[in-house]
Amino acid sequence: MAPALHHKKGILVVTQWDNQQDHHSFANVDALRVTHLSLALEVDFAAQQLIGCARLNLDYREQDCRVLYLDTRELTITSVQDEAGNALVYQLDEQDVVRGQRLAIELSSPSKQVTVQYHTSPSAQGLQWLSPEQTSGKQLPFLFSQSQPINARSWIPLQDSPKARITFDAKITVPPGMRAVMSAMNHGDAPLTGEFSFEMEKPIPTHLLAIAVGDLHFGAIGSRTGVYAEPEVLSAAVKEFEDTEKMVEIAESLLGPYAWDRYDMLILPPSFPFGGMENPRLAFMTPTLIAGDKSLVSTVAHELAHSWTGNLVSNATWRDLWLNEGFTTYFTNRIVEAVYGKELAELEVVLEYGRLKEELVSMPLEAQTLPANVQAGDPNDAFNRFTYDKASMFVHELEHRLGREAFDRFLFEYVNHFAFEAITTETFVDYARQTLLIQHGDKITEAELLEWVYGEGMPAWFVPPSSDSLEKVDALRAAWLAGEPINKANTAGWRVHHWQYFLNSLPEVLEQEALIDLDTSFDFSRSTNAEIACDWYRVAIRNHYDPVLPFVETYLMKIGRGKFVRPLYNELLLAGYGEELRRIYQKARAGYHPSLSVQLDKQLLP
């Protein structure tokens with residue numbers, strides 16, 4: 001049972017609920033667990049489907065268990081057999097709007113293996129099929145997956161729960177001349193014969209299963225790092241991410257040896273819905289990171305940091321996502337500091353808190369805890385600023401309280417203690433009680449730790465982060481708002497982060513003349529930096545600066561990253577641009593990843 005806390009007359013009160021169950025999976029992982037997946041897939045671009053065979057190795061946690069429950073979504077099952085080839089009785093339950101369908105397989109004997117033949121749906125939420133016209137090269141189609149949080153079940157029948165780690169091997173058949181890559185060991189010199197083999201011998205959560213197929217080429221960065229991308233963007237990506245090998249070395253100095261052998265990255269088309277996805281051995285990256293000046297490469301550091309906090313130590317359920325994202329966001333900041341300096345690291349923490357402040361105002365108070373209490377809802381809702389930035393602020397405070405040397409020792413021991421395990425919030429709290437609170441009880445109390453984890457909002461004693469580097473931004477903004485003309489010379493040397501801070505700290509309401517002045521001075525509407533453009537468009541939309549609308553439309557047609565797309569559509573909605581919003585969304589929707597369009601449909605379509 002897991003403690004939850006609420007305040008009653010100023011006292012923190014504990015209530016109870018069952019936190020061990022993964023409410024977003026049908027799988028009976030505590031009775032019967034899949035330990036290894038042997039996967040064979042034929043990639044059919046014409047039908048936009050995968051034709052698959054999944055052989056599952058079973059470990060009986062309860063020896064008398066005779067039913068295997070798997071997670072599926074929109075899969076067509078054609079046969080299920082045991083290791084001797086005997087047909088097994090199976091049933092697909094009714095569709096659940098969030099979890100998909102449970103596949104129940106009757107086991108007449110304690111079979112060690114079950115093989116499922118199946119094919120996917122063209123509308124599978126975990127797969128996006130792109131036409132040649134939607135790629136950089138315009139010659140070959142493209143396929144890529146996005147399994148997190150619960151979309152692996154839309155392309156493989158499995159126990160789709162972070163509690164159930166698996167190893168896997170795979171044989172992938174694709175049209176000759178195309179390359180397949182997976183979250184496994186890839187070989188950049190493999191011949192393009194149409195047949196590819198992969199192996200992941202280290203156990204991973206199922207949301208880290210990943211595949212991509214396209215006109216992919218490889219560029220080396222270091223001895224164990226490199227980039228896969230379409231040839232049109234490969235050289236720019238290699239240059240932009242050339243510090244990756246150094247990042248790996250820095251990360252190892254903090255948390256121990258890199259456990260996954262290689263850290264390669266795949267640059268996806270612009271429709272990829274995230275900044276990055278930490279698939280082991282092949283992190284997926286959005287092309288919006290290629291700014292030409294390395295200003296956005298902290299996302300590379302973030303996905304790399306997940307190699308320890310997230311891939312090595314994982315969340316047991318989606319309620320516990322903060323254990324992945326909070327520690328990783330903190331760890332990212334440490335890598336950025338070591339590679340690019342303290343000023344940039346401080347700026348990024350200030351921007352983190354700026355994002356958090358927005359959600360502190362807009363999110364219901366009961367949702368403002370580190371555990372994302374989404375058990376009864378959509379696990380996509382767990383990906384908010386509390387599981388990322390509030391959790392990161394908590395970890396930063398632990399470092400501040402303990403001192404960097406002592407905290408680094410705790411973090412190193414924590415990661416190594418739980419390596420290749422999935423843990424809950426309560427597992428972490430119990431571990432902290434046995435280590436942190438004993439060794440450093442004079443620096444942080446149990447009540448303070450519990451307030452951070454389970455308390456709503458920010459602790460009363462929290463001091464927001466700051467950076468001396470932002471004083472020049474504050475000064476210029478204040479002078480301009482007081483009526484002084486903008487002196488562009490005063491912005492020389494500003495980083496992207498300074499511009500983001502400037503835009504995000506502008507008053508909610510601005511006159512048209514002020515918006516024209518800004519746009520004329522800095523040409524924000526035509527910015528080629530995706531972060532700056534998005535922040536400017538939000539300012540412009542909420543103030544009905546109509547000249548920006550054609551640029552917003554082009555942006556939303558070109559970019560499918562949820563971090564940018566969701567807030568822009570939301571701003572259009574709030575500002576009353578309903579007709580323009582629907583027109584843009586109808587044109588852009590086909591280019592978005594299915595997992596994103598499903599969420600946007602709920603928000604935008606009547």
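**Asn28 and the chain around it**

Setting aside neighbours within four places in sequence, Asn28 is in contact (heavy atoms within 4.5 Å) with Cys65, Val67, Leu68, Tyr69 and Gln159. This is a predicted model, where local features need pLDDT of at least 70, side-chain atom pairs count only at pLDDT 80 or more, and totals for chains, interfaces and linings use all residues. Residues are numbered from 1 along each chain as its sequence is written, and side-chain values use heavy atoms, with hydrogens and water left out.

As for where Asn28 sits, its place is in the loop between strand E2 (11–17) and strand E3 (32–44); strands (E, at least two residues) and helices (H or I, at least four) are DSSP runs, numbered from the N terminus. Asn28 has 13% relative accessibility, so it counts as buried (under 20% relative accessible area; exposed is over 50%, partly exposed in between; 1.4 Å probe, protein chains only).

Zooming out, the chain has 18 helices and 22 strands, and 60% of its 606 residues count as buried. Along its principal axes, the C-alpha trace spans about 80 × 60 × 50 Å. Of the contacts between residues at least 6 apart in sequence, 71% join residues at least 24 apart.
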